[in-house]
Amino acid sequence: MSTALWEGGGHAESVLQSILPGGQLIGIDKDHEAIERTKERLKEYERSFTTVHDDFKNIKTILLQKNIAKIDGAILDLGVSSFQLDDDYRGFSYSQDAKLDMRMDQDENISAYEVINRYKENDLARVISGYGEERWARRIAKFIVAKRAVKPIETTFELTEIIKAAIPKEARREGPHPAKRTFQAIRIEVNRELEGLAKAIEDFSEVIKSGGRLAVITFHSLEDRIVKQEFRRLENPCICPPDAPICTCGKKPAGRVITRKPILPDETETNENNRARSAKLRILEIV
Ligand SMILES: C[S@@+](CC[C@H](N)C(=O)[O-])C[C@H]1O[C@@H](n2cnc3c(N)ncnc32)[C@H](O)[C@@H]1O
């Protein structure tokens, strides 16, 4: 039996087509709506795939509960989906007015509202600078704290206006939308997107059969850096001093990176889907 793992929605159908007959696909997403939508979309395959509402970092527990020892491969399609960005009530997007939310998993307690209204100024600046790589992070944090002292900041448009006011006009003239970096940062913080990513990749490498592949698609440099470094470590885990004549640490490679450079979308794909522009695909083949 062939077993594959998929996360999200878009790739599931082509994976299913390549593993049928006989294969099984498990779809993991921490967003209830993504699960429901995909179940509906793929109902004709219902005997060949199951969905799990969970964080993919819990892959070992998920497989244990399903009594599955090893899988043939996995795709991790990271980040936020178009549905989440475009839904006018999820609060992910600076171009839709909505309550500040940004939770992928709506069972979680901490939403963007809590981050924006409760974090200390220093912590806000750290998040916006660290996860958004925003050079005006300190000013944005200061403006947020000043504004919320008057009244809580409740909506995406309120936040966007504060960010615009905080970034000097000349700096806003070029580049992406001025709120893009801050929104990315808050979303990463709310969903703890980078926390545990390296460990999740290691866990996947341990549950995929020899010869199987782990494919990871990222959408920004911070997550791509983690994937690249973790793949490199799994390929060469030896921790012996570089001048040691022989390896004594005993750590063996878990896989071989088959994408020296990440695979990028071609023009046809980016013409069809503008958001694919920032996607990078890296693949580790398990030894
Ligand atoms: C880029 S989208 C995938 C989109 C999908 N491939 C499609 O084309 O519709 C990312 C999805 O992964 C989910 N997600 C992100 N991080 C996750 C995690 N750590 N655990 C489970 N699901 C996650 C999000 O909720 C979102 O639905």
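How far apart do the C-alpha centres of domain 1 and domain 2 lie? They lie 29 Å apart. The model behind these views is predicted, so local features need pLDDT of at least 70 and side-chain atom pairs count only at pLDDT 80 or more, while totals for chains, interfaces and linings use all residues. Residues are numbered from 1 along each chain as its sequence is written, and side-chain values use heavy atoms, with hydrogens and water left out.

**Figure 1. Domain 1 and domain 2 of the chain, and the area they bury between them.** Domain 1 covers 2–82 + 194–286 and domain 2 covers 88–191; such bounds come from an automatic or database domain assignment. Across the boundary, 12 residues of domain 1 are in contact with 14 residues of domain 2, where contact means heavy atoms within 4.5 Å. The size of an interface is often given as the accessible area lost when the parts come together. Here the two domains bury about 1,200 Å² between them, with 49% of it on carbon and sulfur atoms. Buried area is the accessible area (1.4 Å probe) that two parts lose on being put together, summed over both.

**Figure 2. Helix H6 packed with helix H10.** Two packed helices are described by the angle between their axes and the distance between the axes. For H6 (residues 121–132) and H10 (residues 180–191), the angle is about 105° and the axes are 8 Å apart. H6 and H10 are therefore roughly perpendicular to each other. On the H6 side, the contact is made by Val 127, Ile 128, Tyr 131 and Gly 132; H10 brings Arg 181, Thr 182, Gln 184, Ala 185, Ile 186, Ile 188 and Glu 189. Six of these residues are nonpolar, three polar and two charged.

Helices (H or I, at least four residues) and strands (E, at least two) are DSSP runs, numbered from the N terminus. Axes are lines fitted to C-alpha atoms, for helices over the stretch in contact, and angles run from 0 to 180 degrees between N-to-C directions. Angles under 35 degrees count as roughly parallel, over 145 as roughly antiparallel, 65 to 115 as roughly perpendicular and the rest as oblique. Ala, Val, Leu, Ile, Met, Phe, Trp, Tyr, Cys and Pro count as nonpolar, Asp, Glu, Lys and Arg as charged, and the others, Gly among them, as polar.

Figure 3. Ser 48 sits in the loop between helix H2 (32–41) and strand E3 (49–53). With 13% relative accessibility, Ser 48 counts as buried; buried means under 20% relative accessible area, exposed over 50%, and partly exposed in between (1.4 Å probe, protein chains only). Pro 21 belongs to the loop between helix H1 (12–19) and strand E2 (24–29).

**Figure 4. Two residues with positive phi, Met 102 and Arg 192.** Met 102 is not a glycine, yet its phi is positive at about 70°. You will find Met 102 in the loop between helix H4 (82–86) and helix H5 (112–118), and this residue is buried, with a relative accessible area of 0%. Arg 192 has a positive phi near 50° and lies in the loop between H10 and helix H11 (197–207). At a relative accessible area of 37%, Arg 192 is partly exposed.

**Figure 5. Val 257 in strand E6 and Asp 224 in helix H12.** Strand E6 (residues 255–257) holds Val 257, a buried residue with a relative accessible area of 11%. Beyond its neighbours within four places in sequence, Val 257 is in contact with Phe 231, Glu 235, Ile 283 and Leu 284. Helix H12 (residues 221–235) includes Asp 224, which counts as buried at 6% relative accessibility. Leaving out residues up to four places away in sequence, Asp 224 touches Thr 218, Lys 280 and Arg 282.

**Figure 6. Two exposed residues, Arg 135 and Glu 272.** Arg 135, in the loop between H6 and helix H7 (137–148), has a relative accessible area of 67%. Glu 272 lies in helix H13 (residues 267–272) and has a relative accessible area of 69%.
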